[in-house]
Amino acid sequence: MGRTLAEKVWDEHVVRSTPGEPDLLYIDLHLIHEVTSPQAFDGLRLAGRQVRRPDLTLATEDHNVPTLDWDQPIADPVSKTQVDTLRKNAAEFGVRLHPLGDVEQGIVHVVGPQLGLTQPGMTIVCGDSHTSTHGAFGAIAFGIGTSEVEHVLATQTLPQAKPKTMAVTVNGSLPEGVTAKDLILYLITQTGTGGGQGYIVEYRGEAIEALSMEGRMTVCNMSIEWGAKAGMIAPDETTFAYIEGKPEAPTGADWDAAVAHWKTLVTDADATFDKEIVIDAAQITPFVTWGTNPGQGAPLGANVPTPSDFEDEQDRIAAEKALEYMGLEAGQPLRSVKVDTVFVGSCTNGRIEDLRLAAEIIKGHKVAEGTRLLVVPGSVRVRLQAMEEGLDKVFVEAGAEWRGAGCSMCLGMNPDTLQPQERSASTSNRNFEGRQGKGGRTHLVSVPVAAATAVKGTLASPADLV
Amino acid sequence: MEKFTSHTGTALPLRRSNVDTDQIIPAVYLKRVTRTGFEDGLFAAWRNDPEFVANKPEYQGVSILVAGPDFGTGSSREHAVWALMDYGFKVVLSSRFADIFRGNSGKAGLLSVPVEQDVIEQLWAAIEADPTTQITVDLEARTVTCGDLVAPFQIDDYTRHRLLNGLDDIGITLGNEADIAAYEATRPRFKPVTQRA
């Protein structure tokens, strides 16, 4: 009986398996940031424990760091306390840290892959739900809570019940101008926010194979938004080409041994999944959210839905509450929605390819009167690469704000927030109430839609700029 | 961790689905570095509204939360569990929990109990008719009892065992340290490290 990709990677990491208990899983890489780690280190200290494998641990500052004046002391005292606490803990426990101002600083899920630390067949955890991003390389990667962070620090393992497996097969190819982001937003709308619950999902099929690593990361990143334990994509030549030459990638004979092993990490032809979903890529169009959870989305060309059209009572109530919060009229064309702020960035869409795409669309245009465009690179490396390519000039000439690296407005823990009732088109991953600032209204969009919206001032796709 | 065998108390009816962890505790409260004192952040945005159910005098002192489906979705923040516990909740009932939230709650000693939506509806009706209604959640028997209503619930044996005995996960794992060391000896050398000796 064949095994799925997820089962192969899982089996390779079982330290101990006892009937009636979760498997004890070895963790290859533990990523850490300032928000979910302080209490974990505190727990170690209280129990007199050490970090078992500092050499499999990496910390960066991302969630609440400022994206302006980052060479100055952090103004917000609480953010400063968290960052200072991480620095103190990293020094005390011997953990490698990339602090604000360091060339490798950035969003933890951008930094891991760009350093070459994210590789196929690994188990990767972090106290952040978007750890699913790393599954794009054929790793089992998932978010954990702070007491699990403490557990991994102390033991380099985690007790985990083996999840079920699901295949999402995306046949055909995505139409011109339709991105990985539209694909995942479409999928979440189809399945709802709980559709993936309990599953490690493997994305496969022609449209997935055709995606760049950046696009694959966008898809896996938002696996958590439809409730999946993790998302994965089998490694292939695209994956190997991305990793080769990265600072922490294997070299020489180690590289050959690694690639030989990585090539075995595919689902066997006779393996079975617990569930399968098949999607036709050709029918996907630019997709945006209108509500307050990522499952409340629609094609950009559609109208804001009418709550009474929902058959399920909970869906109807949720839609009513969402429209009220979002300040939208049922039946209003989505393209008529005026946007105050456009945010390009986050672990979903803050990589170099995303910035290139945004710049290509913005070039020769101006940001609309009354709209602001915030471009926040996912890491310092992404920022420097963009500047080398002159993308920063394109953004600044168009009237955008070109910022430093971090999570920024994705979750508004730093000064980059929306005002009450301010409306954003955001390339990030969550449109929850108040996520980007108290009372703020978020529409999740792809990079091309974000860029076109910045120019038009209303939700738009690049086709609307012609 | 405190042992959990059975709990009886009054309950808060939260008639909302998809209560994500940003609603349970907004990100602004995550900036703290302490382990306790998160009760002021619980449902912070909703509690600004005097009409919000938790603000009503009849629902003070509750220890059981009865919520709509898909409770605890979104961000992995464990602060959501701490905020619920600091506020005084011992148990959350919902027809469906997000995986990370359920994992986090089991580790901290908050019991999340999955029951059918039909049971939730009956509990909501009973609590709203009489806010002093007592609900009993018996982990030993795996049942929720409210008046004549007795609803069984599922919980995996391992989490139940840990909660019943108040066992700390790390201590259990370190008991198997030899297995971890043996596994580490077999890891391939091409696996990456973040620092070299």
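Modeller: Helices (H or I, at least four residues) and strands (E, at least two) are DSSP runs, numbered from the N terminus. This is a predicted model, in which local features need pLDDT of at least 70, side-chain atom pairs count only at pLDDT 80 or more, and totals for chains, interfaces and linings use all residues. Residues are numbered from 1 along each chain as its sequence is written, chains are lettered from A and ligands numbered from 1 in the order in which they are written, and side-chain values use heavy atoms, with hydrogens and water left out.

Colleague: What follows H14(A)?

Modeller: Gly390(A) follows H14(A), and its phi is positive, near 80 degrees.

Colleague: And which residues of H14(A) are buried?

Modeller: In H14(A), residues 380-388, they are Val380(A), Val382(A), Arg383(A) and Ala386(A). Buried means under 20% relative accessible area, with exposed over 50% and partly exposed in between (1.4 Å probe, protein chains only).

Colleague: Why are they on the same side of H14(A)?

Modeller: They cover an arc of only 160 degrees around the axis, which puts them on the same side of H14(A). The arc is that of the directions from the helix axis to the C-beta atoms.

Colleague: What covers them?

Modeller: The cover includes H4 (108-115), H13 (352-362), H15 (391-398) and strand E17 (401-402) of chain A, contact meaning heavy atoms within 4.5 Å.

Colleague: Turning to strands, how does E3 join E4 in chain A?

Modeller: E3 (residues 29-32) and E4 (residues 57-60) of chain A run parallel, joined by three bridges. Two strands pair if DSSP finds at least two bridges between them. Ala59(A) in E4(A) is the bridge partner of Ile32(A).
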